[in-house]
Protein chains: 4
Amino acid sequence: MCGLVGAYNIPNASTPAKLMLFGLQSRGREGGGIASSDGKKINRVQGFGLVEQFLTGVKMKARLPGRIAVGHNRYSTAGAKGSLSCLQPFVARTASFQIAVAHNGNLENADELRRRLESHGSILASTSDSECFPHLIARSKKRVFRNRLIEAMRKAKGAYSLLVMTRDKLYAAVDRYGFRPLWLARWKKGVLFASETCAFAPLGIKRSEMREIKPGELVCVSGGNAKTAAKISARRFAAAPFTRHCIFELMYFSQPQSRSWGEEVWEVRERLGERLARRFRIDGDFVLAVPDSSNKQGERYASVSGITFRQGLFRNHHSGRTFIQSTGLERTVGVRMKFSVAEGMYAGKTVIVIDDSLVRSTTMKKVVRLLRKAGAAKVIVLIASPPVISRCRWGIDMATKKELVAATHSVEEIRRMIGADFLGYLTVPDVLEAVGDPCGRKYCVSCFTGKHPYK
Amino acid sequence: MCGLVGAYNIPNASTPAKLMLFGLQSRGREGGGIASSDGKKINRVQGFGLVEQFLTGVKMKARLPGRIAVGHNRYSTAGAKGSLSCLQPFVARTASFQIAVAHNGNLENADELRRRLESHGSILASTSDSECFPHLIARSKKRVFRNRLIEAMRKAKGAYSLLVMTRDKLYAAVDRYGFRPLWLARWKKGVLFASETCAFAPLGIKRSEMREIKPGELVCVSGGNAKTAAKISARRFAAAPFTRHCIFELMYFSQPQSRSWGEEVWEVRERLGERLARRFRIDGDFVLAVPDSSNKQGERYASVSGITFRQGLFRNHHSGRTFIQSTGLERTVGVRMKFSVAEGMYAGKTVIVIDDSLVRSTTMKKVVRLLRKAGAAKVIVLIASPPVISRCRWGIDMATKKELVAATHSVEEIRRMIGADFLGYLTVPDVLEAVGDPCGRKYCVSCFTGKHPYK
Amino acid sequence: MCGLVGAYNIPNASTPAKLMLFGLQSRGREGGGIASSDGKKINRVQGFGLVEQFLTGVKMKARLPGRIAVGHNRYSTAGAKGSLSCLQPFVARTASFQIAVAHNGNLENADELRRRLESHGSILASTSDSECFPHLIARSKKRVFRNRLIEAMRKAKGAYSLLVMTRDKLYAAVDRYGFRPLWLARWKKGVLFASETCAFAPLGIKRSEMREIKPGELVCVSGGNAKTAAKISARRFAAAPFTRHCIFELMYFSQPQSRSWGEEVWEVRERLGERLARRFRIDGDFVLAVPDSSNKQGERYASVSGITFRQGLFRNHHSGRTFIQSTGLERTVGVRMKFSVAEGMYAGKTVIVIDDSLVRSTTMKKVVRLLRKAGAAKVIVLIASPPVISRCRWGIDMATKKELVAATHSVEEIRRMIGADFLGYLTVPDVLEAVGDPCGRKYCVSCFTGKHPYK
Amino acid sequence: MCGLVGAYNIPNASTPAKLMLFGLQSRGREGGGIASSDGKKINRVQGFGLVEQFLTGVKMKARLPGRIAVGHNRYSTAGAKGSLSCLQPFVARTASFQIAVAHNGNLENADELRRRLESHGSILASTSDSECFPHLIARSKKRVFRNRLIEAMRKAKGAYSLLVMTRDKLYAAVDRYGFRPLWLARWKKGVLFASETCAFAPLGIKRSEMREIKPGELVCVSGGNAKTAAKISARRFAAAPFTRHCIFELMYFSQPQSRSWGEEVWEVRERLGERLARRFRIDGDFVLAVPDSSNKQGERYASVSGITFRQGLFRNHHSGRTFIQSTGLERTVGVRMKFSVAEGMYAGKTVIVIDDSLVRSTTMKKVVRLLRKAGAAKVIVLIASPPVISRCRWGIDMATKKELVAATHSVEEIRRMIGADFLGYLTVPDVLEAVGDPCGRKYCVSCFTGKHPYK
């Protein structure tokens with residue numbers, strides 16, 4: 001999923017980049033980095049883990065000087081800790097340019113691009129598809145850098161929100177379908193970029209000062225200094241008859257206080273909760289949401305249905321992933337530590353559990369079991385999305401197809417697997433209506449339908 | 001505030017100790033340690049920061065072998081990072097004994113004890129009052145270790161929940177007033193100890209297998225091996241005509257899923273929310289709780305008052321404390337990162353904000369300002385506790401008297417300071433009734449009354 | 001200068017590689033690395049500093065598995081700590097091959113090669129000239145890997161001793177002039193490679209089992225397993241009418257117990273000491289050698305001249321470079337800590353100081369001053385090499401031309417600078433005769449003559 | 001063995017302390033620390049390994065502020081890495097004083113002192129005998145600190161050179177027999193202390209500005225500031241009819257450029273070499289010294305006997321101890337890496353090997369074997385000390401009695417064990433005469449005689 005940030009024409013640009021990265025921590029916890037340019041040289045600091053882990057003690061001004069910076073938070077599956085060379089931003093220096101590239105998304109034709117690059121003698125340092133961008137730029141025969149970038153982007157198929165820093169400019173672009181969000185904000189004499197608006201908020205930036213990079217748009221920021229503002233120029237480099245914004249961003253991945261594609265994330269989630277309440281009129285004692293990404297859906301379900309919202313499932317926010325060892329007791333207990341339940345609250349009651357989605361079903365299975373142990377008479381599970389039947393090739397590392405429980409099981413089978421008394425999902429039309437896209441012209445719902453988003 | 005854990009007659013006892021410490025992380029984030037005994041020697045691992053920071057990569061079996069272990073999470077004010085020698089458990093070896101001591105609480109007569117110990121030539125390694133215990137034990141002339149321990153505890157005045165490990169026994173004790181919680185659970189052939197029941201839950205232990213250490217009680221666990229269960233013996237070493245359980249444990253500090261002194265923490269909080277709803281019948285559009293320790297109070301306030309519960313204040317669970325540098329932008333923004341608010345949700349609305357307590361008022365001031373910026377027409381603040389007018393000398397490091405806003409300001413002055421349209425508190429009788437102690441025979445409410453709890 | 005090691009068809013080949021690297025520590029202290037192949041994948045561990053710093057705690061078997069390994073110690077000037085990407089072995093993975101490359105030497109046409117590679121779209125990760133090799137190999141259109149390697153080496157001009165590991169083979173090559181040493185040894189069922197023979201000795205390998213890679217020779221080791229020995233095949237890939245072995249290797253850089261190009265290093269040094277004694281018949285009380293690389297020259301000078309060898313200059317073998325801070329006292333004293341002198345030993349005496357070479361003259365200046373302070377009446381300085389007047393472009397990072405004192409000063413001027421009573425050098429014919437090359441057909445003496453070695 | 005340093009009335013006293021500690025690295029490589037006082041508080045930094053390991057990156061001014069400092073290098077046997085609490089200086093804070101104590105030596109009655117302290121209720125943090133000092137000081141009933149210190153020292157039996165820092169004074173003392181060296185030097189407005197004079201030299205201090213602390217002397221440095229010099233007062237606190245300086249300090253442990261008890265270390269070693277030459281008139285081709293502590297003995301042996309001094313045994317100064325793993329190949333080879341030999345130098349020759357002492361014989365065995373492998377016809381081993389037959393209880397951690405080869409074997413048996421053609425030792429009168437103490441009134445030679453030094 002990944003988080004991108006950028007800053008242009010800001011004194012010590014790496015510092016706001018760091019703060020924005022921290023605000024986008026939820027988009028990637030595996031590792032990350034920041035690169036900055038002081039006009040002559042691009043420097044970079046990278047590391048594994050959280051932003052606060054790899055930047056603690058780093059003297060930003062000394063290690064990452066200059067008025068331009070880009071940063072990246074990496075998201076990756078199941079703890080498969082990659083090598084340092086997979087961390088972004090990628091930095092490349094050649095005779096004709098120095099660049100740092102940060103990418104959010106997934107290229108469909110990555111294997112083919114890589115094969116072609118290598119057959120021409122390029123050596124890629126990592127296994128990441130994102131690294132194709134600097135190499136495609138390097139191989140381009142265009143003279144003007146912007147045209148090299150456009151040529152590279154036209155060769156890439158799939159989802160990409162990109163920040164590309166040269167020694168003196170900062171480019172931002174989004175693929176023609178607009179799979180992943182990317183925002184721009186004017187700040188002081190400069191310009192900031194971030195995957196989500198929540199990264200701008202702590203800097204005191206108002207909504208009116210932000211705008212989204214449009215699908216197929218390439219923004220170039222240049223010029224400016226301590227007294228004059230940076231210049232923003234934008235152009236279309238690709239067009240498509242419809243867009244394919246990732247609906248999972250709204251349903252699960254983005255922060256509730258962010259805005260994307262004209263929607264407040266929290267509002268979409270409330271509307272999904274409302275749809276659930278209208279579709280499933282169930283008599284229960286309490287509504288419970290699996291924290292934290294289902295809270296808004298749950299609260300709204302409760303207020304629309306008139307059933308009391310009463311959270312009794314508590315989440316330990318310290319993941320503990322890094323220190324639990326893979327031996328018997330530690331593993332068993334480590335997993336159980338994520339959630340705990342309030343004793344007595346549900347004894348003899350019917351509990352309606354709301355979750356934003358159901359991917360592999362393992363968490364929900366544990367939640368149902370915990371509630372039963374705590375005495376719940378009935379456990380109703382309502383999912384504020386349709387069944388996920390197809391894995392995403394455009395940037396969400398959900399799981400392999402085999403792990404997607406709804407790809408191979410009926411709703412009734414899943415209900416039995418998780419041990420619920422009832423299991424209900426929304427439909428694809430439900431969610432499309434909730435985001436104001438009844439005809440499916442705006443959003444990618446490929447994970448729910450299995451249909452290719454644009455072919 | 002601190003968290004204690006202990007394990008006796010469990011193979012590799014340090015592993016459950018580690019897991020329980022992790023479950024008590026919220027009781028202390030400054031640092032901690034675990035000591036274990038293999039029957040011959042006491043080993044220890046300590047460190048600053050979270051359990052997952054100081055235990056990551058530690059091979060428990062090799063570094064902390066044996067069937068007995070005690071652990072400690074340290075809580076401390078305002079980032080004042082102490083020295084390694086302040087971290088518990090304290091370990092002491094003398095010709096006649098080896099012990100590890102973990103203490104939760106605060107001794108009233110610490111200065112006097114220290115002065116007396118030093119005048120006799122003892123050298124204390126730290127500035128912690130807890131270190132008095134091993135020295136008092138060492139100076140005792142009694143022959144039987146248990147009697148040394150009792151003599152030491154009788155000299156100590158104030159709040160102490162203690163775990164004391166020798167090479168082959170584990171002692172647990174609580175001062176005569178029972179200020180701080182301490183629990184015991186039978187597990188397999190052994191016995192576990194923890195400050196809160198939430199630490200036992202992930203191990204699969206049922207409520208019926210746990211019991212509280214009573215005020216003035218000393219429990220000694222001994223014997224046992226792979227086949228026979230450990231023996232528990234208990235005795236009273238001190239008595240008092242009433243108890244003084246810390247009411248702040250229930251209102252704020254403990255985990256909602258824990259049980260203490262006959263109460264489920266979440267239930268007490270719901271009752272406090274209900275009292276607020278009955279005391280302040282206010283017309284509002286939405287109820288909002290300051291996450292996370294006020295959630296239950298807020299939910300219940302909403303359900304009793306019939307006003308919609310709608311959370312629009314989001315908390316960043318990564319503190320960032322360690323990596324924010326003390327320079328201009330970083331500091332300003334770092335502080336703002338803790339909370340963010342949902343745009344649009346409160347525009348033109350009356351919001352009722354519930355918080356568990358109001359100590360220094362700085363957080364609430366920020367929350368009210370955020371809500372106003374987000375367009376709230378009216379902000380009503382209701383506190384689910386009485387005004388805090390006196391600092392705690394029995395284990396909660398709230399703040400100095402000067403920082404306690406209610407110690408020096410009237411409710412109206414505080415309302416103006418935080419910028420709310422209305423500010424309401426519960427009364428002391430309210431909270432005593434909510435915990436079933438209308439005559440004040442069980443709980444310490446000294447921070448609300450300023451009266452010494454037992455003199 | 002750098003050190004190379006390789007191991008083929010040895011179980012856990014990275015372990016002998018590590019031990020040999022440790023034995024070549026004097027060839028590079030800036031950092032290094034080892035790469036190994038388990039037949040399927042090439043793994044690598046790298047780091048800054050000494051071998052014992054970057055390999056301490058590394059589980060060789062787990063991190064660097066397999067029967068093939070190459071390693072590299074990096075040498076670099078004046079503390080200019082490069083980036084991680086400059087450390088070797090370079091590892092590259094493409095669709096058609098995986099390789100690890102370790103290089104000792106310097107390419108004359110590095111800038112041109114780099115320019116050409118980049119103009120074709122290659123991205124080089126580092127600023128090291130050594131990285132040209134993997135890229136030249138990648139760009140080659142040959143099908144057979146060996147031919148790609150040969151094509152790459154033919155494009156490279158200058159000094160290179162190379163080890164190139166693929167998933168299942170190990171190649172070793174030396175440029176046509178033989179600038180840098182590289183040795184091969186049969187060991188058990190496998191083959192080892194190292195820059196100097198001293199790396200083989202602790203493994204119990206005899207001289208009769210070692211041989212040098214010849215100028216212009218490419219050796220390929222393949223096949224073999226636990227029971228059958230690896231196969232060595234060798235061919236000439238380039239020829240030259242003369243060789244250009246670096247004479248500085250013998251005079252200064254190599255370990256005294258190593259053998260190179262038919263010479264025992266210690267013997268060459270003794271012969272240089274003898275030449276000094278014959279050229280400068282000076283009456284002195286004691287002979288002193290600047291430790292450690294001038295010891296043999298000094299001892300022999302003493303025995304030939306009949307003057308007592310008496311060391312009174314002691315070297316602190318802990319460099320302290322990493323911990324001396326750049327503030328007043330620390331800097332001043334830090335520098336003085338390298339050498340100390342025995343009080344009283346030289347009072348009123350004439351001391352003949354022998355050094356292997358004089359590059360920047362700063363050390364000798366300090367030595368002379370120390371001896372004078374210790375009361376020496378006369379200080380005679382004899383250098384067992386000619387004046388260094390030209391910097392080396394083939395692998396020894398001596399200094400920039402400006403720093404070479406003899407490039408811009410006469411012998412008399414240098415004598416005055418260092419404060420000696422007499423300063424004598426050997427001549428170029430002296431040293432060529434000492435290495436049995438009176439006609440200058442074998443050795444590069446470019447640093448003493450300023451003439452290009454082969455143009 | 002350990003190294004002590006101190007600095008008084010020096011701005012940022014911890015910096016010269018650090019530089020002096022670095023100069024005393026050879027006295028202890030296990031770990032160390034520095035404590036400083038800024039007049040109000042004593043701070044400390046400690047760590048394992050070399051000074052450059054535990055002080056790299058430490059900001060001296062910030063972490064160790066103030067005008068007084070003491071430091072300590074710890075020496076310990078066979079890699080038995082103790083716990084952090086064993087590292088000195090010990091720091092103790094009580095109501096009446098704050099002190100830091102650094103000790104070089106060994107207390108004979110440590111067990112008894114510890115037992116007595118513990119029976120009175122003191123808790124000692126470490127197993128080090130040095131920790132008795134702060135506790136004895138704390139238990140003293142004297143009012144004046146100096147008298148407490150004297151009382152403590154009178155209770156301690158055995159060898160102690162001590163530095164004791166309070167918040168505003170610095171005390172230095174040596175036991176009545178003067179086992180271990182301790183020096184004082186005036187520097188600027190302040191006073192420095194160090195175990196060896198070699199630590200003063202890089203600071204530019206002349207011999208005339210240094211003096212030794214005498215046996216039974218207590219020096220107190222006080223007063224002084226940026227403008228006035230510190231005041232030194234000295235007194236005798238104990239007396240003895242003779243002294244017992246450790247002769248091993250001169251023969252092996254101290255740096256050759258240091259001075260102790262009226263002797264230049266290098267001169268003593270030359271005299272020992274001369275004695276060897278006079279006692280054993282042996283015909284050989286070459287003289288070889290085991291580097292580095294036998295170099296002076298070897299050189300002098302050569303010049304007196306007229307046999308050529310020709311070093312062909314080379315020592316790897318990187319110990320590698322920390323990174324060699326305990327598996328087959330690594331261990332075998334790791335040990336062999338310490339020394340290597342010049343091929344060809346000794347072929348068919350008679351080599352006279354000089355070593356300063358022979359404790360366990362393992363190193364010499366390896367050396368003889370290496371020389372034989374290199375073709376030596378005859379290997380004569382001459383030891384510049386008498387046989388070591390008794391282990392030292394006064395500060396040199398030589399080995400246990402069982403490991404002392406001469407304690408249980410005759411000279412002829414040892415010769416066979418090490419494989420030499422001849423083995424010769426000096427006698428006790430030889431060494432006493434070499435240090436100008438023919439009647440044995442000054443030096444402890446207990447390790448050669450087995451007699452208690454003063455009972």
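Me: Where is S36(A) found in chain A?
Reply: S36(A) is in strand 2, residues 31-37; strands are DSSP runs of E, at least two residues, numbered from the N terminus. Residues are numbered from 1 along each chain as its sequence is written, and chains are lettered from A in the order in which they are written. The model is predicted, with local features needing pLDDT of at least 70 and side-chain atom pairs counting only at pLDDT 80 or more, and side-chain values use heavy atoms, leaving out hydrogens and water.

Me: Is S36(A) buried or exposed?
Reply: Buried, with a relative accessible area of 0%. Buried means under 20% relative accessible area (1.4 Å probe, protein chains only).

Me: What lies 3.3 Å from a polar atom of its side chain?
Reply: The backbone oxygen of L64(A).

Me: Which residues does S36(A) touch?
Reply: Leaving aside residues up to four places away in sequence, they include S14(A), K41(A), P65(A) and M165(A). Contact means heavy atoms within 4.5 Å.

Me: Now chain B. How many residues of strand 1 are buried?
Reply: 6 of its 6, residues 3-8. G3(B), V5(B) and A7(B) point one way, and L4(B), G6(B) and Y8(B) the other.

Me: Which strands is strand 1 of chain B joined to?
Reply: Strand 4 (residues 68-74), antiparallel, by 6 bridges, and strand 10 (residues 190-194), also antiparallel, by 4 bridges. Two strands pair if DSSP finds at least two bridges between them.

Me: What is the bridge partner of Y8(B) in strand 4?
Reply: I68(B). In strand 10, A194(B) is the partner of V5(B).

Notes
Buried means under 20% relative accessible area, exposed over 50%, partly exposed in between (1.4 Å probe, protein chains only). A polar contact is a pair of N or O atoms within 3.5 Å; within protein, one must be able to donate a hydrogen and the other to accept it, and residues adjacent in sequence count only if both atoms are side-chain atoms.
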